[in-house]
Amino acid sequence: AWALAAPAVVFDDAASYRALARSLAEGRGYASAAGPTAYWTPGWPAWMSLLYRLGAGDRGVALASALLGALTVGLAWALARAVASRETARLAAAACALTPSLVLLPSTLLSENLALPLVALAALVLVRASRVRDFALFGLAVAAATWVRESCAAFAIAGVALAWASGSWRTRVARSAAVALAFALALAPWVLRNREAMGRATLT
């Protein structure tokens with residue numbers, strides 16, 4: 001309801017995200033006025049550009065972000081339920097839904113709108129992980145979040161730590177390698193693009 005009623009708030013990073021999204025939507029590539037950039041990972045501007053191409057303006061992005069917020073609430077419930085009681089899960093979902101900063105977030109056009117549900121999804125995969133492929137899925141989920149916000153890369157450390165928490169030596173190595181390999185492969189296209197466009201292989 002807030003996303004529908006409130007005007008989109010565009011300032012600081014949000015203005016840059018919007019400019020990059022429009023550049024993508026208009027076929028000019030991932031570039032600022034000064035040329036190709038790697039200052040921000042491209043996941044959020046790419047998501048915005050998809051909505052712009054579909055004819056949605058800033059209000060459409062805000063509405064889509066509100067739906068992502070609802071997804072985050074559901075993931076908060078599932079994550080809490082995976083480690084605690086049903087009542088605790090309800091409280092976690094309610095706290096997520098009623099936190100003022102999260103209520104206001106959709107109107108800001110900031111990358112946290114997409115990063116939060118992706119991080120919550122990664123956390124849910126991690127707490128349920130037992131097999132090697134589960135840890136690989138976690139690596140992919142963290143990489144997806146990192147495409148949106150580079151700081152999310154730190155969550156990969158949690159996966160490696162949990163991979164070593166139990167099991168035989170071989171199992172621990174296999175789990176850790178699954179996280180690292182899936183994470184690295186999923187981010188490789190962006191790193192390679194930066195080497196070509198920016199002259200250095202880097203996330204940002």
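Cys96 is buried, its relative accessible area being 14%, where buried stands for a relative accessible area under 20%, exposed for over 50% and partly exposed for values in between, with a 1.4 Å probe and protein chains only. Cys152 likewise counts as buried, at 5% relative accessibility. The sulfur of Cys96 has its closest cysteine sulfur in Cys152, at 15 Å, which is too far for a bond, and Cys152 is in no disulfide. The structure as a whole holds zero disulfides, a disulfide being a pair of cysteine sulfur atoms within 2.5 Å.

The model is a predicted one, in which local features need pLDDT of at least 70 and side-chain atom pairs count only at pLDDT 80 or more, while totals for chains, interfaces and linings use all residues. Residues are numbered from 1 along each chain as its sequence is written, and side-chain values use heavy atoms, with hydrogens and water left out.

Ser65 lies in helix H4, which spans residues 58–83; helices (H or I, at least four residues) and strands (E, at least two) are DSSP runs numbered from the N terminus. Ser65 counts as buried, at 1% relative accessibility. When neighbours within four places in sequence are left aside, Ser65 is in contact (heavy atoms within 4.5 Å) with Trp44, Pro106 and Asn113.

Pro36, by comparison, belongs to strand E2, residues 35–36, and is partly exposed, with a relative accessible area of 48%. Beyond its neighbours within four places in sequence, Pro36 is in contact with Tyr30, Ala31, Arg193, Ala197 and Met198. The C-alpha atoms of Pro36 and Ala180, which are 144 residues apart along the chain, are separated by 28 Å.

Helix H10 comprises residues 169–198 and includes Val173, a partly exposed residue with a relative accessible area of 32%. Together with Val160, Trp164 and Trp169, Val173 makes a nonpolar surface patch of about 390 Å². Patches are made of residues with over 30% relative accessible area and no salt bridge, like charges being joined within 9 Å and nonpolar side chains (Val, Leu, Ile, Met, Phe, Trp, Tyr) within 5 Å.

Thr202 is placed in the segment after H10. A polar atom of the Thr202 side chain lies 2.8 Å from the backbone oxygen of Thr204. With neighbours within four places in sequence set aside, Thr202 is in contact with Trp190, Val191 and Asn194.

Technical notes. Areas by Shrake-Rupley, 256 points an atom, 1.4 Å probe, with all protein chains shown as cover. Salt bridge = Lys/Arg side-chain N within 4 Å of Asp/Glu carboxyl O. Polar contact = N/O pair within 3.5 Å; in protein donor to acceptor, adjacent residues only side chain to side chain.
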